Amino acid sequence: MEEMELTRNETEPILSGTDDEDPLLDEKKHEEAVGDSKSFRRTVMINLVVLSISAFFIFTAFSALQGLQSSLNATGGKGVACLAVLYGVMVVSCLLLAPVFVGTFRPKWTLVISFICHCIFTASNFYPEWYTLIPACALLGAASGPLWAAVNTYLTTAAVMHAKSGNNEKEEAVIQRFNGIFFAIFQASVVVGNLVSSLVFTLADDHQRNRTAASNASKSCDVNSSLCILDSTRYTLFAAFEVSAIAGLLLLVIALKTLKKLGTLKQQQHKAFELAVSVVKLHRDVKVLLLIPITFYSGLEQAFIFGEYTKYFITDQIGINMVGFVLIVFGVADSISSYASGKLGKTIGRGPIILAGGLLNIGIIVFLMLWTSHWSGSASYLIRVIILFIAAALWGVVDAISNTQTVALFGVLFTNNQEAAFGAYRFWQSIGYAVSFSYSDALKNNMETKLIIALTIVCVSMTCYVAMEIVRKKR
């Protein structure tokens, strides 16, 4: 089957089974491809689905393991240290490695390398010692920047090609829809990953809060609590996640077509140094500077829901057994809202959606502040369950808007410099993660201060976003 690439002004190959095919087609094939635009758009959509499902399998494992690190690998603080190393290294990889990898290996093979690192991280949990877990987390952190830059480059370029294939849609609308489809499937991994872990633990009946009730079987216990997990249960869980990760890797290698970037082959062979420097130079643009707060907050708000919310609000107020179910509700809301926000962006525009998400986030934070200081102590267990589940679902809506619209915004503003733009995006998002994990331990249970920090940053984010749109229209 012939797959076609469309540049801004002409038709060229974009999707191919190998990297060695001639990028130029003869005149006859050129005319056939132009006349078969529906077939081309169908090919683009198939590759969008393949990319989305591959990421779903990979992050089904990662999303659950990330949430379990502080519990399953609590001894000596290995789990928290692992996440700190992961996101700390990711900050550097977004700036230095992302444009280098995408420019050198192209999006598909950058994804393959990154998915292999995910498989290594998952495998390291079978034997979570300092000398296995920490290096695996550092490797994954190094791969995460290129991974997301490759995903965003693939999505944006494919969307632009789809829009230019004769369907009379605006590029911005297609970019938003493609991001909505991808993140709808991607965010479902949060649901499945947490459901798998909950089912494994429940069926094994390993959540024993009393060590004296534990069997004589080989088990791993947290020295700081009474939680013991049978080693057989841990291995079953990690095996399931490893199979999921490998499935995502194989699907990507076999089914995803290579995406050739816009421009000539010579333009695709930029020196790595020039690509890395382009990320720094991109910050000369005032629009990028104004987008730093909202990008930073997108990382901070995700770290909050997976770290602070699950511990302080769920574990401490309604029980650790509810954490998985809360994250499932969060994931479902996130997945549905990702798709919905992508569709709404086509009709009402990006601005109203982003501002609505900001206002919703402000409302949730203010409510949680009041809940913490006045209402939680007097509420019954049932009321606490209902309230905290609803808050998690609404936060899922916020996260969906933050992901789909902010990523689409970078794609729209910097279509000609995608690798650098998405490298900068993940750089600031990773800093948001790292900062959140850093002050989390320093502030410990001072939740009101953490909520005030989040409230301040989201207000600054919305203000800077409005300023960016004003600057954009004036130019």
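Me: Let's start with Gly-411: which helix does it lie in?
Reply: Quick heads-up: this is a predicted model, where local features need pLDDT of at least 70 and side-chain atom pairs count only at pLDDT 80 or more, while totals for chains, interfaces and linings use all residues. Residues are numbered from 1 along each chain as its sequence is written, and side-chain values use heavy atoms, with hydrogens and water left out. Helices are DSSP runs (H or I, at least four residues), as are strands (E, at least two), and both are numbered from the N terminus. On that numbering, Gly-411 belongs to helix α11.

Me: Is Gly-411 buried or exposed?
Reply: The cut-offs first: buried is under 20% relative accessible area, exposed is over 50%, and partly exposed is in between (1.4 Å probe, protein chains only). Gly-411 has a relative accessibility of 0%, so it counts as buried.

Me: How far apart in space are Gly-411 and Glu-171?
Reply: In sequence, these two are 240 residues apart. Going C-alpha to C-alpha, Gly-411 and Glu-171 have a spacing of 9.9 Å.

Me: How many salt bridges does the rule give?
Reply: One of them joins Asp-285 and Lys-287, with the closest N and O atoms 3.0 Å apart. Both ends of that pair are buried, Asp-285 at 19% relative accessibility and Lys-287 at 11%. The count comes to 4.

Me: Arg-350 and Glu-469 pair up too, but which residue joins them in one network?
Reply: Arg-350 and Glu-469 form a salt bridge, with the closest N and O atoms 3.1 Å apart. This pair links distant parts of the chain, as Arg-350 is in helix α10 (residues 350-375) and Glu-469 is in helix α13 (residues 447-474), 119 residues apart. Arg-350 counts as buried at 6% relative accessibility, and so does Glu-469 at 13%. Through salt bridges that share partners, the network also takes in Arg-472.

Me: How are α10 and α13 oriented to each other?
Reply: Axes are lines fitted to C-alpha atoms, for helices over the stretch in contact, and angles run from 0 to 180 degrees between N-to-C directions. The axes of α10 and α13 come within 10 Å and cross at roughly 165°. Angles under 35 degrees count as roughly parallel, over 145 as roughly antiparallel, 65 to 115 as roughly perpendicular and the rest as oblique. That's why α10 and α13 come out roughly antiparallel.

Me: And which way does α9 cross α11, left-handed or right-handed?
Reply: Helix α9 (residues 323-348) and helix α11 (residues 381-413) have axes 7 Å apart and pack at an angle of about 40°, so α9 and α11 are oblique to each other. A crossing is left-handed if the near helix is turned anticlockwise from the far one by less than a right angle, and right-handed if clockwise. For α9 passing α11, the crossing is right-handed.

Me: What phi does Arg-106 have?
Reply: Most residues other than glycine have a negative phi. Arg-106 sits in helix α3 and is buried, with a relative accessible area of 13%. Although Arg-106 isn't a glycine, its phi is positive, at about 70°.

Me: Last one: which helix gives the largest share of the nonpolar patch?
Reply: Patches take residues with over 30% relative accessible area and no salt bridge, joining like charges within 9 Å and nonpolar side chains (Val, Leu, Ile, Met, Phe, Trp, Tyr) within 5 Å. Phe-105, Trp-109, Ile-113, Ile-246, Leu-250, Val-253 and Ile-254 make a nonpolar surface patch of about 590 Å², using Shrake-Rupley areas with a 1.4 Å probe, where for residues only the protein chains shown count as cover. The elements giving two or more residues are α3 (78-124) and α6 (231-255). The largest share, 4 residues, comes from α6.

Notes. Salt bridge = Lys/Arg side-chain N within 4 Å of Asp/Glu carboxyl O.
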